[in-house]
Amino acid sequence: MRRALDLADIARRDGDVPVGALVLDPGGAVVGEGWNVRERDGDPLGHAEVVALREASARHTPGEGWRLVGHTLVVTLEPCPMCAGALMLARVERVVFGAWDDKLGSCGSVWDLVRDRRANHRVEVLGGILEEECAGVLRDFFRSGPLPGASAAD
């Protein structure tokens, strides 16, 4: 989680919401890293989790396919519906996150998409790791004011 916090700081310096993520292979090696790049890249899909999952998938050798079976995603903020869906579609085994998201959290707070029994793949969830530190980074960021072009709904 400490590495994810370092990645979140890169997002903050880029003027984006400070969220960082990394993907660990079944042996615990980091195979993907990401941070929010929505503002920098003008990409609404540029969430830290998606960036990290793309990097992890790109590191697969030909023939391994796109599935991240046995992998773990570590992220500073509970994934949103889009990212929760990406975790399920990538067949990630578990998600470990820091701060709970009471607005869009989809791993147990607002929704629990990744453990819905109707889904064809479920993800193990471990939330609240370094929760206060992860939440504090976000609180500090939003105290400085809204992002350029953001509305109150953001």
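**Strands, core and surface**

Mentor: Start at a strand pair: Leu24 stands opposite Val30 in S2. Keep in mind that this is a predicted model.

Trainee: How do S1 and S2 pair, parallel or antiparallel?
Mentor: Antiparallel, over five bridges. S2 covers residues 30–35.

Trainee: What sits between S1 and S2?
Mentor: Five residues, and the two strands form a hairpin. Gly28 is in the turn, with a positive phi of about 95 degrees.

Trainee: Which residues other than glycine have a positive phi?
Mentor: Arg91 is one of them, with phi near 65 degrees. Find Arg91 in the loop between H4 and S4. Leu130 is another, with phi near 50 degrees. Leu130 is in the loop between S5 and H5.

Trainee: Is Leu130 buried or partly exposed?
Mentor: Partly exposed, because its relative accessibility is 29%.

Trainee: Back to the strands. What does S3 pair with?
Mentor: S1 and S4. Four bridges join S1 to S3, and those two run antiparallel. Five bridges join S3 to S4, and that pair runs parallel.

Trainee: Which residues face each other there?
Mentor: Leu22 stands opposite Val74 in S3. On the S4 side, Leu73 stands opposite Val95.

Trainee: So is S3 enclosed or open?
Mentor: Largely enclosed by the rest of the structure, because six of its six residues are buried. Buried here means under 20% relative accessible area.

Trainee: And the core? How many residues are in the largest nonpolar one?
Mentor: The count is 38. Leu73 and Val95 have the most contacts inside that core. Helices H1, H3, H4 and H5 each supply at least two residues of this core, and so do strands S1, S3 and S4.

Trainee: What does Val95 touch?
Mentor: Setting aside neighbours within four places in sequence, its contacts include Leu73 and Val75. Pro79, Leu87 and Cys107 are also among them. Then come Val123, Glu124, Val125 and Leu126.

Trainee: Now H3. Which of its residues are buried?
Mentor: Ala48, Glu49, Val50, Ala52, Leu53 and Ala56. Note that Glu49 is on that list.

Trainee: Switching to charges. How many salt bridges does the structure hold?
Mentor: The structure holds 14. Take Arg118 with Asp116, where the closest N and O atoms are 2.5 Å apart.

Trainee: Are those two buried or out in the open?
Mentor: Arg118 is exposed, with a relative accessible area of 69%. Asp116 counts as partly exposed, at 22% relative accessibility.

Trainee: What is the N to O distance between Asp9 and Arg13?
Mentor: Their side chains meet at 3.3 Å, N to O.

Trainee: Why can they reach each other along the helix?
Mentor: Look at the spacing. Asp9 and Arg13 are four residues apart in helix H1, so they are separated by about one helical turn. As a general rule, an α-helix has 3.6 residues a turn, so residues three or four places apart point the same way.

Trainee: How accessible are Asp9 and Arg13?
Mentor: Asp9 counts as partly exposed, at 28% relative accessibility. Arg13 is exposed, with a relative accessible area of 56%.

Trainee: What does Glu55 bridge to?
Mentor: Arg59, with the side chains 3.6 Å apart, N to O. Glu55 is partly exposed, with a relative accessible area of 30%.

Trainee: Last topic, the surface. Which residues make the nonpolar patch?
Mentor: Leu104, Val110, Trp111 and Leu113. Together they make a patch of about 320 Å².

Trainee: Where does Val110 lie?
Mentor: In the loop between S4 (94–99) and S5 (124–126). Val110 is partly exposed, with a relative accessible area of 36%.

Notes:
Residues numbered from 1 in each chain as written. Predicted model: local features only at pLDDT ≥ 70, side-chain atom pairs only at ≥ 80, totals over all residues. Heavy atoms only, no water. Patch = residues over 30% accessible without salt bridge, like charges linked within 9 Å, V, L, I, M, F, W, Y side chains within 5 Å. Areas by Shrake-Rupley, 256 points an atom, 1.4 Å probe, with all protein chains shown as cover. Salt bridge = Lys/Arg side-chain N within 4 Å of Asp/Glu carboxyl O. Buried < 20%, exposed > 50% of the residue type's maximum accessible area, 1.4 Å probe, protein only. Core = buried A, V, L, I, M, F, W, Y, C linked by side-chain atoms within 4.5 Å. Contact = heavy atoms within 4.5 Å. Pairing = 2+ DSSP bridges.
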